[in-house]
Amino acid sequence: MSAASRTALLTDRYELTMIDAALHDGTASRRCVFEVFARRLPGARRFGVVAGTGRLLEALTRFRFEDEELRYLRDERVVSPETIAFLEGYRFRGSITGYAEGELYFPGSPVLTVEGTFAEAVLLETLCLSILNHDSAVANAAARMSVAAGDRPLAEMGSRRAAEHSAVAAARAAYIAGFDATSNLEAGRRWGVPTMGTAAHAWTLLHDSEEEAFRSQVATLGTGTTLLIDTYDIREGVATAVRVAGPELGGVRIDSGDLPTVASEVRAQLDALGATTTRITVTSDLDEFAIAALAASPVDAYGVGTSVVTGSGSPTAGMVYKLVARQGSDGGWVPLAKSSVDKASRGGRKSAFRTLERGTATSELIAIADGFDREPAASDHPGARSLQVPLMADGDPETAALGPQGVQRARAHHALVREELPVQALALSRSDPALPTVYVDVA
């Protein structure tokens, strides 16, 4: 495994200094339960979408401190020799449960539960949050855009508006949450996301005329291609496109102008020229609100860039990683919680369920066990759906959540559970969460 592929130093320094101190005072081996959750939904949105789980599980299999990492920590005197020795043999051997990727979440939802010793589990905080906060933020935005688009296809085109590795992750998350394709080839290779794309304005500008550019593109890609018609004059571009490709032209793309007006004019012109089956794709700084505004326009597909890869105004999901229980000196479990103003949390290991009435979700039910001898089960809550699934056992990831098959599984799961939402949850306006989070204590 190369140093570039290892993930152990994608970590905040204080994770290691806490281990350093814990090894010295004897608390490093205490059994602990950590939990990932969001106190609120960013942007006053009505639901969140869990994304990044499969990426996280793969990253955890590469969480290793080899010679290069250990040398850096030693040279920089980050931790003591005792801790260096501990890290040299580090492997996460604990367990992780959580919401299936693609699942919906609400404030307080135990999206991820990590169990192990303090030393092995606290180390995962930064990586867990880095991946889940980014990917879930993209999925949150993508889901809203998917709702706004209805049955019309969505393509993710934001690679040039994100860091190179973030762009791949964003394409994956958007696909899980309802997008249909991406322009990013690495997302296609690595995660099996369908790819799309034909030509940019540079292609038209390269040639001596728009017609020459169109003829070359059609000669190479066939009449089913999509021609970009707004490099110069849109009306002339439509006429040239149909003259070159004929009425069987696959599609045209519009990347500028007042899109509702332009789309209507282009549709009328295409129909008048006999190109009645030619599809219209619009791009140009779209977000969920712009897509919703085009609902009545003769648009066939959307391409979205900046807004989806940046979370459409909410670039992080705001999730936190908190210690919620530890084993005491007597072997019993002690629930733990912060009481800070505006940052209070609830202690104890939790089980999560979604209550349903006639197939429609009504609440996020969080059961908190009084001790770990008996954990709540779905049978305790008739009509509720259990939300947590095993993700890692003894350090080994759930293989069905990995790779392209994990992405397809998450996409299918998201489509299924979104159907459970009440209709008001699909509105785009700022509001309280669509489902209340209800806590119940279990004796």
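Start by selecting strand 11 (301-304), which gives the lining of the largest pocket its largest share, 4 residues. Strands here are DSSP runs of E with at least two residues, helices are runs of H or I with at least four, and both are numbered from the N terminus. You're looking at a predicted model, where local features need pLDDT of at least 70 and side-chain atom pairs count only at pLDDT 80 or more, while totals for chains, interfaces and linings use all residues. Residues are numbered from 1 along each chain as its sequence is written, and side-chain values use heavy atoms, with hydrogens and water left out.

**The largest pocket**

To centre the view, pick Met157, Met196, Arg253, Thr283 and Gly303, which lie nearest the middle among the 38 lining residues. A pocket is an open set of points on a 1 Å grid over the protein atoms alone, where a 1.4 Å probe fits and protein lies on both sides within 12 Å along at least five of seven lines; lining residues have an atom within 4 Å of a point. The space inside comes to about 870 Å³, a volume being what is filled by probe spheres set on the points, with points joined across faces, edges and corners. Colour the lining by type and you get 13 nonpolar, 17 polar and 8 charged residues.

Select Thr7, Leu10, Arg55, Arg62 and His165, the closest to its centre of 24 lining residues. Helix 2, helix 6, helix 7 (164-176) and helix 8 (185-191) each give two or more residues to this lining. By type, the lining has 12 nonpolar, 6 polar and 6 charged residues.

Show the 7 strands ordered 13-12-1-5-3-17-18, paired antiparallel in an open sheet; two strands pair if DSSP finds at least two bridges between them. Strand 13 (333-335) and strand 18 (396-397) are the edges: each has a single partner strand, so one side of each lacks a neighbour in the sheet. Helix 2 (residues 53-61) packs on the sheet and touches strand 3 (95-99), strand 5 (112-117), strand 17 (388-393) and strand 18, with its direction at about 20° to that of strand 17. Contact means heavy atoms within 4.5 Å; axes are lines fitted to C-alpha atoms, for helices over the stretch in contact, and angles run from 0 to 180 degrees between N-to-C directions. Helix 6 (residues 125-149) also packs here, touching strand 1 (31-38), strand 5 and strand 12, at about 140° to strand 12.

Zoom in on strand 17 and strand 18, a hairpin with 2 residues between them, where Asp394 in the turn has a positive phi of about 55°. Met392 has Pro397 as its bridge partner in strand 18.

**Last stop: Val266**

Jump to Val266 in helix 12 (residues 259-272). Its relative accessibility is 2%, so Val266 counts as buried (under 20%; exposed is over 50% and partly exposed in between, with a 1.4 Å probe and protein chains only). Beyond neighbours within four places in sequence, Val266 contacts Ile229, Ile234, Val238, Val252, Ile254 and Ile280.

Conventions
Ala, Val, Leu, Ile, Met, Phe, Trp, Tyr, Cys and Pro count as nonpolar, Asp, Glu, Lys and Arg as charged, and the others, Gly among them, as polar.
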